[in-house]
Amino acid sequence: MTSLLSRDEIRERIDALGPWFHNLDLNGVPTAPYHFLGDYPNVKWRRFARVIPECLAGKSVLDIGCNAGFYAMEMKRRGAARVLGLDTDDEYLAQARFAAEVSGLKIEFRNLSAYDVGQLGEKFDLVIFMGVLYHLRHPLLALDLIHEHVAADMLLFQSMQRGASRVDTIDKNYDFWTTEHFDSPGYPKLHFIEHRYADDPTNWWAPNRACVEAMLRSAGFIIAAHPEEEVYLCRKGARPRIEDPISPGRNAAK
């Protein structure tokens, strides 16, 4: 059941809850019509929507870093039985709750970070982790926690990327004196942002493509599709075996 609010009333609430990062169409009223990225995130969603099953009936979905709820609502529109959106910004959560109410979609929203997903005590058929990794001080930890605690099958992942899109073939090991691979544009690189990027103090990291893919594999996710430059659909796999850190010869170069 959609909202009985008039367009003027919806516009008034949109203005009161703004500014919005997600441009949503709420009964014909846009929330961010002058977004610097255009009709975002819908313009991006259209480029990879095909890799998500059209019917999610009976499935559970967790949207980590849901912002105003665009992806959570799209999953509910595809028939997901349970959709839970998480964010640490109460203003975004207020926007998401209002947008879902106006759209007549039953979605739960909670204030919880990517580091705290273990508190949920349940696994989800689809975990959405879009536009969050580079905002975290400990990004690989977040991927590890998602794999361990909440991912049951699919992970829809996106990260801002900077640097080369080339991906080098990496050897399993290099000796201590071999260093040239570190200078290759296609070697996995996670660029640290000490101050600000795009006027945003929460932009901590800017990975290149090779780094994104290596981090996903390291956390135990198998890349099933790469439908858009920054977007990956992954399946949950086994975490790679981590060798004993005190193995013989470990400190031979010291």
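Does H181 count as buried or exposed, and at what relative accessibility? H181 counts as buried because its relative accessibility is 10%; buried means under 20% relative accessible area, exposed over 50%, and partly exposed in between, with a 1.4 Å probe and protein chains only. The model is predicted, with local features needing pLDDT of at least 70 and side-chain atom pairs pLDDT 80 or more, while totals for chains, interfaces and linings use all residues. Residues are numbered from 1 along each chain as its sequence is written, and side-chain values use heavy atoms, without hydrogens and water.

H181 lies in the loop between β7 (151–158) and β8 (190–192). Leaving aside residues up to four places away in sequence, H181 touches Y174 and Y187. Contact here means heavy atoms within 4.5 Å. I170 is 11 residues from H181 along the chain, and their C-alpha atoms are 8.5 Å apart.

The chain holds six helices and 11 strands. These are DSSP runs, numbered from the N terminus: helices are H or I of at least four residues, strands E of at least two. Buried residues form 47% of the 254 residues. Among contacts with a separation of 6 or more, 61% join residues 24 or more positions apart. The C-alpha trace spans about 70 × 40 × 30 Å along its principal axes.

Helix α5 covers residues 139–150, 12 residues in total. From first C-alpha to last it reaches 16 Å, close to the expected 16 Å. That expected span is 1.5 Å times one less than the number of residues. Buried residues in α5 include P139, L143, I146 and V150.
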